[in-house]
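Please find below my comments on the model you sent. They concern the side chains and how they pack.

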Amino acid sequence: MSFETIYTKKALKKLNQHKKKNNKIYKQLLKGIQKIEENPFKSSNKQLESIKCPKCKRHQVGKYRIVYYIHTKSNIIEIQNIIPRKSNYDSY
């Protein structure tokens with residue numbers, strides 16, 4: 001089963017910031033997104049404990065977490081945001 005990946009404005013903004021500031025982190029994030037695309041239901045991708053988005057998952061890439069949502073009916077992975085690991089999940 002192949003999934004299409006879409007990005008929110010927040011996620012694209014964060015990716016572009018890393019592309020300009022630190023190309024190494026940018027490449028790591030792209031590899032992380034590629035791993036999510038290969039197997040979005042992987043057990044190491046933990047469920048995000050949230051009231052606003054209870055079905056969102058997170059994937060750790062270095063010092064960052066990729067927050068995403070899987071639309072199973074339409075086979076779409078929506079990359080919600082890329083946040084530092086030390087921050088909390090107030091927006092979720």
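The points below take up the disulfide, the aromatic pair and the nonpolar cores in turn.

1. The model is predicted. One disulfide is counted in it, and this bond joins Cys53 to Cys56 with an S to S distance of 1.7 Å. The link of Cys53 and Cys56 is right-handed, with 70° about the S-S bond. Cys53 and Cys56 are both buried.

2. There is one aromatic pair. The ring centres of Phe3 and Phe41 are 6.0 Å apart and the planes stand at 65°, so the pair is edge-to-face.

3. Phe3 has a relative accessible area of 15% and is buried, whereas Phe41, at 45% relative accessibility, is partly exposed.

4. The largest nonpolar core has 16 residues, and those touching the most other members are Leu15, Leu29, Ile66, Tyr68, Ile77, Ile79 and Ile82. At least two residues each come from α1 (9-21), α2, β4 (64-71) and β5 (76-84). The largest share, five residues, is supplied by α2.

5. Leaving aside residues up to four places away in sequence, Ile77 touches Phe3, Glu4, Thr5, Ile6, Ile36, Glu37, Pro40, Tyr68 and Tyr69.

6. A second, separate core has five residues, among them Cys53, Cys56, Val67 and Ile83. Cys53 and Cys56 are also the residues joined by the disulfide.

Notes
Residues are numbered from 1 along each chain as its sequence is written. This is a predicted model: local features need pLDDT of at least 70, side-chain atom pairs count only at pLDDT 80 or more; totals for chains, interfaces and linings use all residues. Side-chain values use heavy atoms; hydrogens and water are left out. A disulfide is a pair of cysteine sulfur atoms within 2.5 Å. Buried means under 20% relative accessible area, exposed over 50%, partly exposed in between (1.4 Å probe, protein chains only). Rings of Phe, Tyr and Trp (its six-membered ring) pair if their centres lie within 6.5 Å; planes under 30 degrees apart count as stacked, over 60 as edge-to-face and the rest as tilted. A nonpolar core is a set of buried Ala, Val, Leu, Ile, Met, Phe, Trp, Tyr and Cys residues joined through side-chain atoms within 4.5 Å. Helices (H or I, at least four residues) and strands (E, at least two) are DSSP runs, numbered from the N terminus. Contact means heavy atoms within 4.5 Å.
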